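Visitor: I would like to learn how to read an interface and a sheet. Could you take me through an example?

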Number of protein chains: 2
Amino acid sequence: MPVKGFKFSAVEAAVKKPGRLDLGLIFSEVPAVAAGVFTTNKVKAAPVVLGIERIKDGLCQAIVVNSGNANACTGIRGMDDARETSRLVAEGLGIADEVVQVASTGVIGQVLPMERLRAAVPKLVEGLESGSLDGVSRAIMTTDTFAKMEIRQCEAAGVPYTIAGIAKGAGMIMPNMATMLAFIVTDAAVEQSWLKKVFSESNDASFNIISVDGDTSTNDTSLILANGMAGNPTIREGTGDAETFRSQLQAVLLALAQQIVRDGEGATKFVEISIKGAQSVADAKKAAMAVANSSLVKTAFFGQDANWGRILAAVGYSGAEVDADRIELFFDDVQMVRNGVFTGGNAEEKGSEVLKRKEFAVTVDLKLGQGEATVYTSDLSYEYVKINADYRT
Amino acid sequence: MPVKGFKFSAVEAAVKKPGRLDLGLIFSEVPAVAAGVFTTNKVKAAPVVLGIERIKDGLCQAIVVNSGNANACTGIRGMDDARETSRLVAEGLGIADEVVQVASTGVIGQVLPMERLRAAVPKLVEGLESGSLDGVSRAIMTTDTFAKMEIRQCEAAGVPYTIAGIAKGAGMIMPNMATMLAFIVTDAAVEQSWLKKVFSESNDASFNIISVDGDTSTNDTSLILANGMAGNPTIREGTGDAETFRSQLQAVLLALAQQIVRDGEGATKFVEISIKGAQSVADAKKAAMAVANSSLVKTAFFGQDANWGRILAAVGYSGAEVDADRIELFFDDVQMVRNGVFTGGNAEEKGSEVLKRKEFAVTVDLKLGQGEATVYTSDLSYEYVKINADYRT
């Protein structure tokens, strides 16, 4: 993993059932410029409360993350546990406590098994010598069925650098917010104030345009560390290098976001919902999200049923301005609706063929203006119900 | 059925598969004072567009309703069909077209089989001689597994009268709106302006506090007809008789609303979600609805998993003011959370026992103020997915 100055480690700490990695560490040899985006949920997990406070300095040197336990709704004890985890890692690495970020994901409301974490941290720190980002990507999985990673190689002023990211998703995926865990590392040197801005924008255009089940978690955290070890001149706002960085960062985040939807709990379909012709971008987003979050639409996707009526109904209650007599709707390139009514002919047959695809696009043109928005979603299957009915057992 | 001056009829018109009643008629021998509440969805079915226009006069003498086809997203043809249905019924009954209300429920986007309706209307009118409200309640069923009816006997100035209501629900159940079909008939004489007001309020306190799947349909219609044939002095606002009428009407609507939740598509649980101690009633409603609509909460109910963490997460993203460190949560009388953390001890075991019940209450006390709200919801089961994946097939 050619991201200069970063080391990685992942171990089994027995937070989850034995046999699975559940504790990961990302370490930069030098303090990195950092930015973070956290859940908007008012019930915030202890590590999120700690992380929001610490990211204000714009510096981070290590991220320690566990899966299997969210350390949420754990009160003062949870805050103490998050702080102790941070301190153990800081001491092991010989760095300041304040530049450690802690993240957790898993069941809400149970206290962390601190004795096991205390025992595991020394192994975790030792593991940095031989670890990989891939290992960390596996250690943060909960109901994910595959690890999510994306890497881009770029240049700034002729100096090569790398942006690498990992994420976990699966359930509780919904704006507003990062809505999962995502950790991005880059060896590029980047101006902190601009990094904060571009990272926030890139999250909006990636993790905030996906939806699996409409639930916003207590633990969503998206962090980026830029340690400058590539040796490039610092990337600053308004330059060509900044544009390259922005587009590549956004590509990494969007790829991770799309992987999260593809691995949505029980997902059998990957669906792009595009709204065009809305009176405003805000209206387009509302309409796209209403479609993406409709249980009736999502079960129809699962059933491979070209039930465009449910999509129009969702657009109709989304709050967006709608003239029912002007709407057009397409499944991929098959037009199902024109002026608000079924196009007829063999559209039903052709539309049904599209719905059988593993990936397809639903495009709704409201014919009212220039507002556009795209979101990505999955279907709602038996398996989603099974996973979430049995999650804690 | 002792609702004086009302007659009922239900027939098979072959809109649905053969063997099931799918066309119903409610007829008052005299024009009745009427009020209606309709879907807020901007994509409105043709009969809803017609109904909103006609109810403005505050008079209605007949309601014709079909199941199996929503007559939604059917454009000009759909409007013509709704108008023709009305005209056929008006001619058959020998009444004015303007006092007929038309309602439809079923698949969106298909045109009504008008030749079959034309053939069925004469039979429908003949059937008034021997029909019952029970028959109409069966004719409006779609995925409902039982017919929904509620009847109350009351008195005004010593004169007995009756309020009887029927409803259909099952899927697409969500405020804001009546969110289904409901037809209420009473032989009481009631002042029209007040009837409109009290009916709207009663809908808010019944059909607008239930949620099955968070989808608002294109066809939701709730109508009341008061024909005065009981012979009571007209019930007017501000009197004791008005209070009696209000409370009995609300009881009828709430009973129907609760029947709809009990019969939610695939529902195995009936859950009362109560929020207390919110900063405002609006906050309490937001929080209650967020819990009632969370797929993660609903699948946990299905799995009989006392996963209170998901409920706190839903409250946290609801938009209501929340202090995570003050929340209390109960499953029936078992306290699971105090000051935002798990109460411990044998609460898990006792909470799990509650979740095994077919009906139970979730109470969340935010400890911030006096705002309270209650909503009723069901769980999210395999069967919900099955019903909605296969609905059109």
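Visitor: How many salt bridges does the rule find across the interface of chain B and chain A?

Guide: The rule finds zero salt bridges there, a salt bridge being a side-chain nitrogen of Lys or Arg within 4 Å of a carboxyl oxygen of Asp or Glu. Please keep in mind that this is a predicted model, where local features need pLDDT of at least 70, side-chain atom pairs count only at pLDDT 80 or more, and totals for chains, interfaces and linings use all residues. Residues are numbered from 1 along each chain as its sequence is written, chains are lettered from A and ligands numbered from 1 in the order in which they are written, and side-chain values use heavy atoms, leaving out hydrogens and water.

Visitor: What area do chain B and chain A bury between them?

Guide: The size of an interface is often given as the accessible area lost when the parts come together. Here chain B and chain A bury about 4300 Å², with 59% of it on carbon and sulfur atoms; the area is taken with a 1.4 Å probe and summed over both parts.

Visitor: Which strands stand at the edges of the sheet in chain B?

Guide: Strands of a sheet pair through backbone hydrogen bonds, either parallel or antiparallel. In chain B, seven strands form an open, mixed sheet in the order 8-15-10-14-11-12-13; strands are DSSP runs of E with at least two residues, numbered from the N terminus, and two pair if DSSP finds at least two bridges between them. Strand 8 and strand 13 of chain B are at the edges with a single partner strand each, so one side of each lacks a neighbour in the sheet.

Notes: Buried area = accessible area lost by both parts, 1.4 Å probe. Helix = DSSP H or I, 4+ residues; strand = E, 2+ residues; numbered from the N terminus.
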